[in-house]
Every structure is written in C-alpha cells, then in structure tokens.
Protein chains: 2
Amino acid sequence: MVATDIANRVWSHAFKLDPIVRSLLDTDFYKLLMLQMIWGLHRDVDATFHLINRTKSVRLADEIDEGELRAQLDHARSLTITKREMIWLAGNTFYGKAQIFKPEFLQWLETFRLPEYELKKVDGQYELTFHGRWTDTTMWEVPALAIINELRSRSAMSGLGKFELDILYARAKAKMWNKVERLRRLPDLKISDFGTRRRHSFLWQRWCVEALKEGLGEAFIGTSNVLLAMESDLEAIGTNAHELPMVLAALAESDEELRLTPYRVFEEWQRYYDGNLLVVLPDTFGTSAFLERAPAWLAQWTGFRPDSAPPIEGGAAIIDWWQRHGEDPREKLLIFSDAMDVETIENVYIRFHGRVRLSFGWGTNLTNDFRGIVPERVAGGLEAISIVCKVAEANGRPAVKLSDNPSKVSGLPQEVERYQRIFGRSQYPAREVLV
Amino acid sequence: MVATDIANRVWSHAFKLDPIVRSLLDTDFYKLLMLQMIWGLHRDVDATFHLINRTKSVRLADEIDEGELRAQLDHARSLTITKREMIWLAGNTFYGKAQIFKPEFLQWLETFRLPEYELKKVDGQYELTFHGRWTDTTMWEVPALAIINELRSRSAMSGLGKFELDILYARAKAKMWNKVERLRRLPDLKISDFGTRRRHSFLWQRWCVEALKEGLGEAFIGTSNVLLAMESDLEAIGTNAHELPMVLAALAESDEELRLTPYRVFEEWQRYYDGNLLVVLPDTFGTSAFLERAPAWLAQWTGFRPDSAPPIEGGAAIIDWWQRHGEDPREKLLIFSDAMDVETIENVYIRFHGRVRLSFGWGTNLTNDFRGIVPERVAGGLEAISIVCKVAEANGRPAVKLSDNPSKVSGLPQEVERYQRIFGRSQYPAREVLV
C-alpha cells in the first residue's frame with residue numbers, strides 16, 4: 001500500500017502562496033537590537049532603503065515574476081509578531097542577559113507591521129524602495145532580500161523534475177557536511193549562522209543550522225536568525241550594522257560632526273547594551289580612518305567586527321590598535337563575517353587562533369552554496385548573487401557607505417567624494433564582491 | 001503548523017515487523033526462468049542450498065539478531081504470488097516475447113510458498129540451510145540473501161541518529177549520481193541492475209533503479225528484480241545461473257556424463273527459451289575447459305556471460321572462440337556481471353566497445369556501495385560482504401562449483417579434486433572476492 005497523505009497532497013496542489021517569510025522574527029537579531037535604539041533615540045527620522053543588485057549580469061526582473069514578488073512582499077506586510085514570539089522576546093536571555101528588550105519597546109513592537117514598498121522594473125532589474133520612518137523601513141532589509149533570493153532559486157528550480165531535486169539536495173547536503181567535517185578539525189572554533197538574507201530558501205537555512213548544531217556541537221554558537229534561534233533553542237547572534245553610522249552621518253550638520261559620527265554611534269550603543277554586545281563595526285567609512293581617531297574607551301569594548309577589510313590585514317590592524325592602547329588582544333574578540341567560507345575560515349583561524357578570541361559569522365556560503373552541484377541548464381539561477389538593501393537617504397539627505405572594499409561603496413558620487421575627503425580613501429584595493 | 005501524519009507515526013512506533021521481502025517477485029528474474037525449466041524437467045530432484053559467508057571476518061551471528069532473522073524468514077514463507085502479480089507474469093512481454101511462462105507452470109506457481117529453513121549459530125556465523133525439492137529450495141537464494149544483507153545494514157544503522165541518517169543517504173545519493181554521470185559519458189552503453197541479493201535495502205535498491213532510469217535513459221535496459229520491473233514498467237533482465245550445471249553435474253552417473261553436463265544444460269535451456277535468452281554461462285567448471293569442448297551450435301547463441309573470469313581476458317577468450325567458429329563478434333553479446341563498478345565498466349567498455357555487443361549487470365556496487373561515506377563507528381557494518389547461497393547437494397550427492405576464480409570454489413575437497421581432474425584447474429590466479 002502506498003501511503004499518501006491526501007489532505008497534504010491536495011493542499012500542495014491548491015495553495016495560492018507558499019510564503020517565504022512566515023514570521024517577523026525571520027530576520028537578523030541585530031535588526032531588533034538596532035531597532036530598539038533607533039526607536040529610543042531616532043524615532044522621528046525618516047530613512048529610505050533600497051535594493052541594490054551588485055551582480056548586474058543577473059537580470060532579476062527576467063528571473064522573478066513581478067506578481068509573485070508582490071504577493072510575497074504583501075504577505076510579509078500582513079505579519080505581526082505573535083503572542084508566543086512576544087513572550088519569548090521578553091522572557092528569553094540574550095547574550096547572557098535577561099530583559100534586553102525594554103517593556104516600552106516591546107509594547108510598541110507588538111503592533112509593528114512592515115510599511116509600504118515601491119516596486120518597479122527598470123532595465124531588467126527591480127527597483128524596490130522603502131520610504132518612511134527609519135523604525136519601519138529598517139525592518140524590510142532582511143525579509144526583502146530573503147524573498148528576492150528565494151524567489152530566484154524557486155524560479156531556477158521550477159525547471160527541475162522531482163528526481164533532479166532529490167539529487168540536488170542530496171548533493172547540497174553532502175557538500176555542506178563535508179564543510180562541517182573540515183571545520184570540526186579546528187579546536188575551539190566559534191561560528192554562527194549569518195545566512196538569512198541570502199539564503200537559498202528558509203527550509204534550506206533551517207537544515208544548514210541543524211547540520212551545524214549536529215556536526216559542530218559547542219563550536220556552533222548560534223544563529224543570527226531570531227526565528228530559528230527561538231525554534232531551535234539556539235543563541236540569537238548579532239550586534240550592529242552599517243545603517244547606524246550611515247543614517248547618523250547623513251544627518252550630520254557639518255564636516256566636523258560627520259567626522260565624529262562613527263564614534264557617536266557607539267556612544268549611543270553603550271547606552272543600550274553592554275558586555276558581549278559591545279562590538280565595534282569600524283569599516284562604514286573605512287577602518288584606518290576609524291582607528292586613527294578612535295577614542296580610547298572603544299579599546300575597552302569586547303571586540304571588533306572587521307567586516308569588509310581583507311580579513312588577515314584587517315584583523316592585524318585592529319590587534320595593533322589594541323596593543324597601542326595597552327590591551328591584551330587575547331582577551332579581545334574579532335568577529336569575521338564578510339564572504340566567509342571554509343577556506344577563508346581556516347586561513348583566518350590559522351593566522352589568529354591563540355592570538356585573539358575569534359568568532360565567525362558564516363553567511364551566504366553557508367546557506368546558499370550550490371556551486372558545482374547543479375544541472376548545467378539551471379546552474380546560473382542557483383548561484384548566489386551579491387544583493388543588498390541599503391539606506392539611501394535619511395530625512396531626505398543622501399546616505400553614503402565607503403567600506404574597506406572600494407567595490408562596496410554606495411551613495412551619490414559627489415557625496416562619496418565628500419566623505420572620502422573627510423575619511424580618506426580605502427587603503428585596500430577593490431576586491432570583487434561575489435556574495 | 002507542523003504537519004504530522006499521526007496514523008503513520010503511531011504505526012512507525014508500534015509495528016512488530018518491517019518486512020524486508022514483501023513479495024515473492026522480489027527476486028531475480030532468472031530464478032523464474034530457471035524455475036520453469038527445473039519444474040518442467042527436474043521436478044523430482046531434491047536440492048539443498050546453504051548460505052556461505054565468504055567474508056569470514058564479519059561475524060554475522062554477532063551482528064544480526066536471531067529472532068529478527070527468523071521473523072523475516074518466516075514472513076517470507078507467508079507470501080504467495082498475488083493475483084495481480086500472476087496476471088502480470090502471464091500477460092507481460094519478456095525479452096520481446098509474450099507468454100514466456102506456460103500456463104501449466106503458472107498454475108503451479110500460483111500456490112507456491114517458500115519451504116522450511118534450518119537455522120543455527122555456529123562459531124559466530126549463521127548456518128542457514130534449505131532442504132527439499134529443487135523447485136522449492138532454489139527460490140530461497142535471493143530472498144535469504146536480501147534478508148541477511150538488509151538486517152545487517154539495519155543493525156549497523158541502529159546506532160545512527162536521524163540527522164546522521166539524513167547525511168548518510170544524502171551522501172549515498174550524491175555518490176551514486178556521480179557514478180551515473182560518469183556512465184552517461186559512454187555512448188551506447190547497456191546496463192542493468194543485478195543488485196537485489198546484496199542490496200543495502202529494498203528501498204535503497206528502488207532508489208538506485210530510479211536513479212539509473214532517470215540518469216541513463218535508454219542505456220538503462222532494466223532490472224533483474226521482477227517486482228521492481230513490474231512496478232516501474234522496466235524490462236526484467238536475466239537468463240540462467242550456476243545452479244543448473246551444478247545440480248545436473250552432481251547427478252551425473254559417470255565422469256563422461258559429468259564432462260558433458262555443461263552443454264546438456266544449454267540443450268535443455270533451448271527447449272524452453274530462444275532469442276536473447278540464449279546466453280551461455282561458461283564458467284561453472286572453468287571457461288577454458290568449457291570452450292575447448294563446446295559444441296558448435298553454442299556459437300550461434302546470442303551471447304555469453306563470462307562471470308567469474310577476469311573480464312578483459314575472459315571476454316577476449318570468448319571472442320576468439322566465436323571467431324574460430326566463424327562468427328562475427330560484433331553480432332554477439334557479452335554480458336559482464338562480476339563485481340562490476342564504474343571503473344571496471346569503463347575499462348571493459350573501452351576494451352570491447354565496437355568489437356562486440358556489450359551489456360553490463362551491475363550488482364553489489366550499485367545497490368550496496370556505502371564505502372567512504374559512513375561515520376567511522378559504523379563503517380564496517382555498512383560495507384558489503386561476499387555472501388552467497390549455493391547448491392550444496394542434489395539428491396544427496398555433493399555439488400561443486402569450480403569457477404574461473406579459485407577463490408570462488410565451492411564443494412567438498414575430494415569432489416572439487418575430482419572435478420578438477422575432469423575439467424582442469426582454473427587458468428586464472430585466485431583474486432580476492434570482495435562482493
């Protein structure tokens with residue numbers, strides 16, 4: 001007797017929407033931490049976010065149906081944080097601390113919904129823009145990216161038969177597990193999942209997280225995905241992102257104020273968070289300019305996340321800076337999170353293990369690495385692209401990111417030039433941005 | 001909402017037996033062809049079959065629980081051929097021919113059940129013996145082996161968690177598919193599944209068959225497994241086996257009669273079958289002795305299955321023999337079926353493609369190749385062993401197999417010696433029997 005779950009089968013054939021984002025907690029934890037601060041200190045600021053597909057060769061508007069995209073975005077807008085999610089946010093311990101989210105903030109969050117979006121097709125790409133209060137638009141970044149990326153892989157896979165899909169996921173699992181077995185050889189490794197925004201799909205991210213939990217044990221310290229952290233009783237991981245200095249910089253009234261913005265952000269941050277949440281993200285306008293003028297109190301923070309700098313050089317520069325400030329790097333934390341994969345993790349680990357506390361945020365190459373295992377005719381469609389959702393304006397004023405990788409610069413040319421006058425140009429050469 | 005099929009879940013936890021053999025057609029097709037002839041010409045002959053585990057290092061009685069083994073064997077004894085199976089056997093076309101099975105035979109088969117078995121533990125191994133009419137005992141060979149092999153893999157896997165199993169099968173699928181992709185590069189390849197008896201499990205064999213069907217298309221010509229052929233609308237593949245000459249040889253009344261037995265078998269065979277079923281299996285008492293005295297009419301048969309000879313040398317010897325008989329080898333068929341795997345298939349293909357019609361029967365290395373993909377602590381338990389179920393006696397007289405590989409000799413030493421006096425010793429050196 002062949003056992004078929006009839007209800008399930010009928011549902012599979014008849015449902016109108018297979019939602020990609022099913023919960024507002026299906027986002028990165030740092031979004032919530034930042035949101036609490038934005039809501040506390042900048043609740044009247046408007047911020048415009050927009051989608052940037054850096055992989056121009058991929059014409060998203062040809063791959064993804066506009067109707068489907070709208071349906072997914074609309075579905076995400078219908079979500080509110082559920083009762084049990086609210087209870088968990090209020091009752092759970094994050095980074096070893098209870099009640100990290102204040103009752104007033106949670107009360108506001110309870111009725112939160114994603115704001116409107118603007119969508120149009122231009123030259124084979126989607127222009128997807130979110131206007132409104134920063135507190136609202138910031139929350140679109142992760143779900144918008146996850147939706148685009150999963151619609152893209154669904155579209156690529158729509159040409160595959162059931163058996164080809166079986167092979168595809170078998171190979172993806174085998175590939176992923178080979179990575180786990182390599183990472184297992186690094187003693188004291190600390191690694192977390194940072195792969196929500198560019199994941200192949202929600203289910204695949206969940207499987208990858210399960211694989212890290214099963215395969216790495218203690219070395220797997222958690223996931224940036226709040227929903228997965230809640231469902232799997234994992235630590236939610238994350239601190240802060242470039243949007244904080246970007247928005248505050250856009251609002252700066254003078255060059256001098258602009259120059260100080262990168263530090264002001266962290267002054268504000270420590271009004272809200274402490275301990276292991278005190279992690280500096282130094283590269284928004286270039287790490288070398290940041291370190292040159294950084295106040296001494298930042299050397300006492302737990303660590304740095306040298307995001308876009310080449311990891312070995314970037315890490316070494318920060319260690320030097322700590323030493324100049326009389327800090328012992330072995331008590332400090334470096335979190336590497338830019339385009340990590342097994343090989344880069346191994347290299348960084350070999351270079352820094354024992355010299356500094358190390359942690360890795362593994363993103364796109366964890367949750368969306370189907371390279372080399374896909375039937376040729378759909379291979380391109382399952383290759384991860386470099387797509388981001390960035391602040392473009394704050395209160396109508398243009399926002400800029402310089403980054404340590406000149407390929408990641410964003411902003412209007414004349415504004416970028418002004419920022420470069422103030423912060424200097426990147427000391428690092430441009431490196432291709434693959435993911 | 002997590003969708004759980006409650007009935008299925010409860011059943012999974014409560015069932016007493018997960019049967020390995022669920023149908024009498026879950027056997028090799030050649031068993032049915034031979035059975036029709038045995039029933040027609042030798043229905044009063046008694047034949048004893050017994051299990052031989054050539055991989056002595058594996059102590060089967062330590063790995064497999066006796067109660068479970070008895071339960072599975074008992075379950076197989078409860079089976080009869082079902083109505084729809086009978087209809088299919090009667091109505092289907094085999095090797096392009098309708099009504100290959102005669103109505104009288106099918107009528108007898110309709111009430112067939114597997115006969116009793118004798119089981120005891122001796123020195124860490126199971127002595128499993130089947131006494132009775134040849135028509136009955138012959139049918140135990142394949143299910144008995146499939147049961148032992150699957151119980152063995154179940155036992156090995158009982159120590160694995162759900163996630164480890166997920167990885168295991170993902171890797172097995174990826175490994176299998178890599179083989180398929182290699183085989184796909186060989187134009188005009190003809191290959192079939194011969195992996196029933198030593199399969200990892202029924203479900204895994206079914207998946208492998210599905211993979212060959214999906215991946216090789218026309219190159220996959222069918223399966224020896226009658227049940228899978230029926231269920232998947234594939235060709236049932238197979239002709240005859242060593243037990244025919246072994247039994248007839250045991251019954252021979254003189255050395256001269258013994259010497260002629262290998263040819264008498266095929267005289268009988270052609271009273272039942274023709275066309276592509278006229279395939280010579282020459283190696284029971286050594287291929288060179290067989291060819292030396294083989295009658296000319298055998299050169300007109302469709303092909304040979306040079307089983308235990310080293311494939312390149314064995315194939316070449318048969319081609320020479322055809323040429324000596326004025327036959328064009330390009331119109332003749334060679335079927336290779338001994339311990340084939342991708343590499344041996346490629347080698348044989350490269351050597352013979354274009355010189356002869358080629359076909360491969362892919363057995364243990366198709367349906368039970370978990371080498372290199374299993375967690376270390378259970379690796380041994382999932383490594384295929386060389387286990388066979390052979391005729392030991394016919395009407396109380398000892399049966400012998402010499403084979404082209406001295407490691408595969410079976411029979412009482414003094415009888416083996418007598419056979420070697422008559423047929424000569426193998427011209428080939430002993431090769432380790434892995435599967």
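**Figure 1. Surroundings of B:D404 in the predicted model**. Leaving aside residues up to four places away in sequence, B:D404 touches B:D283, B:G286, B:T287, B:S308, B:A309, B:S426 and B:Y428 (contact: heavy atoms within 4.5 Å). B:D404 lies in the loop of chain B between strand 11 (397-398) and helix 18 (413-423). Helices (H or I, at least four residues) and strands (E, at least two) are DSSP runs, numbered from the N terminus. The side chains of B:D404 and B:T287 form a polar contact of 2.4 Å. A polar contact is a pair of N or O atoms within 3.5 Å; within protein, one must be able to donate a hydrogen and the other to accept it, and residues adjacent in sequence count only if both atoms are side-chain atoms.

Residues are numbered from 1 along each chain as its sequence is written, and chains are lettered from A and ligands numbered from 1 in the order in which they are written. Local features need pLDDT of at least 70 and side-chain atom pairs count only at pLDDT 80 or more, while totals for chains, interfaces and linings use all residues; side-chain values use heavy atoms, with hydrogens and water left out.

**Figure 2. Charge and burial at B:D404**. B:D404 is buried (under 20% relative accessible area; exposed is over 50%, partly exposed in between; 1.4 Å probe, protein chains only). B:D404 has no salt bridge (a side-chain nitrogen of Lys or Arg within 4 Å of a carboxyl oxygen of Asp or Glu). The nearest side chain of opposite charge belongs to B:R431, 7.5 Å away. Lys and Arg count as positive and Asp and Glu as negative; His and the chain ends are not counted.

**Figure 3. The open sheet of chain B**. Six strands with parallel pairing follow the order 5-4-9-8-7-6 (two strands pair if DSSP finds at least two bridges between them). Strand 5 (220-223) and strand 6 (279-280) are at the edges with a single partner strand each, so one side of each has no neighbour in the sheet. Strand 6 runs parallel to strand 7 (residues 303-304), joined by two bridges, and B:V280 stands opposite B:F304 of strand 7.

**Figure 4. Strand 9 of chain A and its partners**. Five of the six residues of strand 9 (residues 357-362) are buried. Strand 4 (residues 191-193) runs parallel to strand 9, with three bridges; A:D193 is the bridge partner of A:W362. Strand 8 (residues 333-336) also pairs with strand 9 in the parallel sense, over four bridges, and A:L333 has A:R357 as its bridge partner.
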